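Hi everyone, thanks for making time.

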Amino acid sequence: MNSLLRGHVLPASLILLALMAAPLFLSMYGVIVLTEILTMSLFALSFNLLFGYTGLLSFGQAGFFGAGSYFAVLTLIHGPDSLWAAMAAAFIGSAVLAVVIGWFCVRLDEIYFAILTLGFGMMLFTIAHNWRSVTGGSDGLGNFTLPELNLFGWGVNLFNPINFYFLVLLITALGALLLFRVVNSPFGLLLRGTRENSLRVSFVGANVRAVRLFAFILAGALAGLAGALFAFFNRIASPEMLHWSFSGKAVLMTILGGSGVYLGPAVGAAIFFVLEHVITAYTTNWMIFLGGILVVLVLAFPKGVLGSLLGLLTRRWKGPKP
Amino acid sequence: MEGFLANLLNGLSWGMLLFLISIGLTTIFGVMGVLNFAHGSLFMLGAYLCMQFVRWVGSFWIGLLLGPPIVAVLSILLERFLLRPLYSRDVSFQLLLTFGVMLFLDDGVRLIWGAAYHVVNPPQILAGVIQLFSQSYPVYRLFLVILGPLVGIALWAFFSFTRWGKILRAAAMDRQMAEIVGVRVPMMYTAVFGFGAWLAALGGALAAPHQSVGPAMGERIIIESFIVVVIGGMGSFPGAFAGALILGMLNSFGTTFLPDVQMALPYILLAVILLTRPRGLFGGEA
């Protein structure tokens, strides 16, 4: 483990401890909200592997998120009655989808990439929406029961929101750790290299398409895993989860929190939920606020909330630059 | 045969609306390099304004005449004050800004006019049906089928023969060179954006009697016009025309002959085109 990672062990453990202790202080409602925030954090983090680290703006990330939810639910209905199997199906299934779709998408970049991912995401949405015999059409798949989670032979009842919270925390933490290791590895450096100047990266002998494809697959697989958790949480897999407006949520969360900081998207997910709850208490037209906030952020705070705060703090500590 | 003709005309009329919005999209992209996510919302705004004018003065033509310029003025302000500061930044941020504008406009429309669908009647002279080969067909759709190519030809002539059109094409080819020879590029960007918005709103106003006016109409057409622009080749004029026709036909014939997979056809086409011609049908070699 290099020195770069060592500096992160303390803050990471503190965050993890705080999250583990959170159910002690929160009401049941608070635990449920935090569960949803964590699920969406994993989704937004997977998106930011593409956007923040690889420089690829995907508008189809919900395609993998939703596909993961369908894979998981279909496994529970037709396959083994095991949550681990369902999550594995979501992870692997989404990864396979990402191989196929990514193979097309990583050939192009910038705006073309955004449109292509949007198109393929909507293709998946259409499949989920129209293939009634398998996906249940616009009603989605809700007729499944959540089995007990087999934890080394010990059955955990997930109808208890606190147990479910710890499952989501475990999966999200593992996913976040995996992503963190990837972006801080030499491969992560290569990713940032392709973001800054893909031509130069190819000059030093790296295969830019392969590098991007790997990031695309990893992002898709983790989004699928987050989708599986989301389906367990809501007890349904529905086509809206694949729609591009859902992809837009990952985009918004990431911009809110800040794409340049590793945990930015997670912080963004939390802010997103708080804002949603506060604003929808007064008006149903909360998208109008969201659109306005996005415009202000893009114009004035492109680093997002966490990025801007961290920038402010470092300037405090180190003093103004000469 | 009868079904074929009806399908053909349906496809053509939808294709012409797609064409109107896609040329604005493709021109803005070709000249400015900006992909406008809010373009579908401008289309929708055009339809709503037209509906509002019909309610106020009872004339569709007034709505068609006055609605689109209002949208164009709004877009000019949008370009000048929101988009212009972003030209020096990464293209993703321009896309994100227009995405925010889209959310704002879509929900704003819902706030003003409600979530319900509205119906706009075609003007007297274009109302009713016409007998075509022993089949009745709405006159209004025929009007769209004829109008689309006319607008296309007018625009083509504008870009090919007028001084302004040539300046625009020059700036699209090489912004720096155009600036050196004295073109005021920032002002031209604003004009192009406003013009594209005017076209989108014109398409929206024309679409109002063709379909119901509702808050989801922008979202549907923006996806389809993105596909049109990509398969035609981004920035390409004939590409937008061909793409819009192809998508219109897929829409009408697909619904008749392949109802189960019709919704997926545009995306399949998108994948096939990008595999064989990554820069689109009229986009030149990659």
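Before anything else, one term: I call two residues in contact if their C-beta atoms, placed from the backbone, lie within 7 Å. Now the ground rules. This is a predicted model, where local features need pLDDT of at least 70, side-chain atom pairs count only at pLDDT 80 or more, and totals for chains, interfaces and linings use all residues. Residues are numbered from 1 along each chain as its sequence is written, and chains are lettered from A and ligands numbered from 1 in the order in which they are written.

OK, chain A. Take contacts in chain A between residues at least 6 apart in sequence: 75% of them join residues at least 24 apart. In secondary structure, chain A has 13 helices and two strands; helices (H or I, at least four residues) and strands (E, at least two) are DSSP runs, numbered from the N terminus. The radius of gyration of chain A is 20 Å, close to the 20 Å from the globule rule for 322 residues, so chain A is as compact as a globular protein of that length. That radius is taken over C-alpha atoms, and the globule rule is 2.2 Å times the number of residues to the power 0.38. Along the principal axes, the C-alpha trace of chain A spans about 65 × 45 × 45 Å.

How much of chain A is buried? Of its 322 residues, 49% are. Buried here means 20 or more other C-beta atoms within 10 Å of a residue's own, exposed means 12 or fewer, and partly exposed is in between, with C-beta atoms placed from the backbone.

Chain B next. Chain B comes to eleven helices and two strands, and from the N terminus on its elements run α-α-α-α-β-β-α-α-α-α-α-α-α. Its radius of gyration is 19 Å, close to the 19 Å that the globule rule gives for 286 residues, so chain B too is as compact as a globular protein of that length. The C-alpha atoms of chain B fill a box of roughly 60 × 50 × 35 Å along the principal axes, and buried residues make up 50% of the 286 residues.

So where do the chains meet? Their contact takes 31 residues from chain A and 31 residues from chain B. On the chain A side, helix 5 (110-130), helix 10 (244-257) and helix 12 (286-300) each supply at least two residues, with the largest share, 13 residues, coming from helix 5 of chain A. That side of chain A divides into 22 nonpolar, seven polar and two charged residues. For the record, Ala, Val, Leu, Ile, Met, Phe, Trp, Tyr, Cys and Pro count as nonpolar, Asp, Glu, Lys and Arg as charged, and the others, Gly among them, as polar.

On to the inside. A nonpolar core is a set of buried Ala, Val, Leu, Ile, Met, Phe, Trp, Tyr and Cys residues joined through C-beta atoms within 7 Å. The largest one here has 201 residues, and those with the most contacts inside it include A:Leu225 and B:Cys50. Helix 9 (residues 208-234) of chain A gives the most to this core, 18 residues. As for B:Cys50, leaving aside neighbours within four places in sequence, its contacts include B:Gly63, B:Val120 and B:Ala205.

A:Leu225 turns up again where helix 9 of chain A packs on helix 7 of chain A, along with A:Leu218 from helix 9 and A:Ile171 and A:Gly175 from helix 7, among others. The residues of that contact are eight nonpolar, one polar and no charged.

A:Arg235 sits in the loop between helix 9 and helix 10 of chain A, and has a positive phi of about 60° although it is not a glycine. Most residues other than glycine have a negative phi. With 13 C-beta neighbours inside 10 Å, A:Arg235 counts as partly exposed.

A:Val31 and A:Phe164 are 133 residues apart along the chain, yet their C-alpha atoms are separated by 9.5 Å.
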